[in-house]
Amino acid sequence: MARIERVEVLLVDLKPKVLRTDAIQSFISQETPIVRITDADGAVGMGYSYTIGTGGSSVLALLNDHLCPLLIGREAWDIEAIWRALFFHTHATTVGALTSIALAAIDTALWDLKCRKAGQPLWRMAGGAQRSIPLYSTEGGWLHIAPEALVDDALAVKERGFSGTKIKIGRPHVAEDVARLSAVREAVGPAFEIMTDANQGFNLSEAVRRARHYEALDIAWFEEPIHADDVGAHAALTRSTTVPIAVGESLYSISQFKDYLAQGACSIVQVDVGRIGGITPWLKVAHMAEAHNVAVCPHFLMELHVALAAAVPNGRYVEYIPQLDDITLSRMTVRDGRALPSDEPGLGIEWDHAAIAKLATGQRLHKA
Ligand code: MG
């Protein structure tokens, strides 16, 4: 253990490789706040989180003005104590997305530092449950993509050994969604998963109506059918359909997940380490889901989620959607359609420091 001496904060704006559209938004850029923590022994941990195009400057302000100054002088391994101190220091802006995203950048850096000093990879330090995790793809299923291209991509990822593909839903009429999904189901056959994602685009009655159609196509899950605030509507939908209901990317605290799980309002948890506030709360949600016999299929951030999904026994799928290629030297290992967590000490991400330096904006240094 050693005390934290330096904290550097910066932001890198990464452009998606393909156009990403869903029922409610277009994913125009990935603002990536990065936190680099150095302790008195000279050990360094790097963490990050993300937005999909808005709020990055606000996250940076929270980090610089309110959170990072509190890290200086603290024992770097006291991660729970630090997390709680930061959370209560910013209590007037929690529970909320911006604070959770800021906390995640710090918490992941602290875990990286701890794993590196221990000489262990994150997947093992956080639990060490599974050696590999099945993959499904999202990049070929965006809402603007024509049915023929959806089919081509689904066949291509099936050929690579992936377990499934995610198709965005929420075209104006259910018949159009059904036509797109049917074209894919017909091409891939029965033994390949089709995930669907509505990005909170429906109300309860429309979600119930659409789920009835999706049942016939043996859909693996119906993701974010309704606005994430409405736990009761999700509970009613879950009771009304045989299609598993997936939520999590728009939830920002362990208590919100508790409400969903306790009310039987979801069948799959998609807790996102960048949006829940880091690895510390992510693991609590995963373990809480395990107690409810619910699988964890984390949202986005595959380069980090591969280690977390492998850390817990109920990690079921990793979502294939490369995000960090422009600022990393490492690539997630894929073998026979499964993702393998890195065995290198730390988060398993080898950063390209030169690329980060070139792309970074808003750098700030906090030190003793
Ligand atoms: Mg989603």
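The views below show a predicted model.

View 1. The donors of the magnesium ion are spaced along the chain as D-x25-E-x25-E. They come from Asp 197 (OD), Glu 223 (OE) and Glu 249 (OE), which coordinate the ion at 2.0 to 2.2 Å. Glu 223 belongs to strand E9 (residues 221-223), while Glu 249 is in the loop between strand E10 (245-247) and helix H9 (254-262); this pair links distant parts of the chain, 26 residues apart. Both Glu 223 and Glu 249 are buried.

View 2. The model has ten aromatic pairs. Tyr 136 counts as buried because its relative accessibility is 0%, and buried means under 20%. Tyr 317 has a relative accessible area of 7%, so Tyr 317 is buried by this cut-off.

**View 3. Phe 162 and Tyr 320, an edge-to-face pair.** The ring centres of Phe 162 and Tyr 320 are 5.4 Å apart, and their planes are at 70°, which makes the pair edge-to-face. Phe 162 is in the loop between helix H5 (147-159) and strand E7 (164-168), and Tyr 320 is in strand E13, so the pair ties together parts 158 residues apart in sequence. Phe 162 and Tyr 320 are both buried.

**View 4. An aromatic cluster and two charges over rings.** Trp 83, Phe 87 and Phe 88 make up one aromatic cluster. Elsewhere, the charged end of Lys 114 sits over the ring of Trp 111, at 4.8 Å from the ring centre. Arg 316 has its charged end over the ring of Tyr 317, at 4.4 Å from the centre of that ring.

**View 5. Leu 251 and its contacts.** Leu 251 is in the loop between E10 and H9. With a relative accessibility of 4%, Leu 251 counts as buried. Apart from neighbours within four places in sequence, Leu 251 contacts Ala 228, Gln 256, Phe 257, Tyr 260, Arg 275 and Ile 276. Between the C-alpha atoms of Leu 251 and His 144, which are 107 residues apart along the chain, the separation is 26 Å.

How values were computed:
Residues are numbered from 1 along each chain as its sequence is written. This is a predicted model: local features need pLDDT of at least 70, side-chain atom pairs count only at pLDDT 80 or more; totals for chains, interfaces and linings use all residues. Side-chain values use heavy atoms; hydrogens and water are left out. Donors are N, O and S atoms within 2.8 Å of the metal (3.2 Å for Na, K and Ca); water is not among the atoms, so sites may look incomplete. Helices (H or I, at least four residues) and strands (E, at least two) are DSSP runs, numbered from the N terminus. Buried means under 20% relative accessible area, exposed over 50%, partly exposed in between (1.4 Å probe, protein chains only). Rings of Phe, Tyr and Trp (its six-membered ring) pair if their centres lie within 6.5 Å; planes under 30 degrees apart count as stacked, over 60 as edge-to-face and the rest as tilted. A charge sits over a ring if NZ of Lys or CZ of Arg is within 6 Å of the ring centre and within 35 degrees of the ring normal. Contact means heavy atoms within 4.5 Å.
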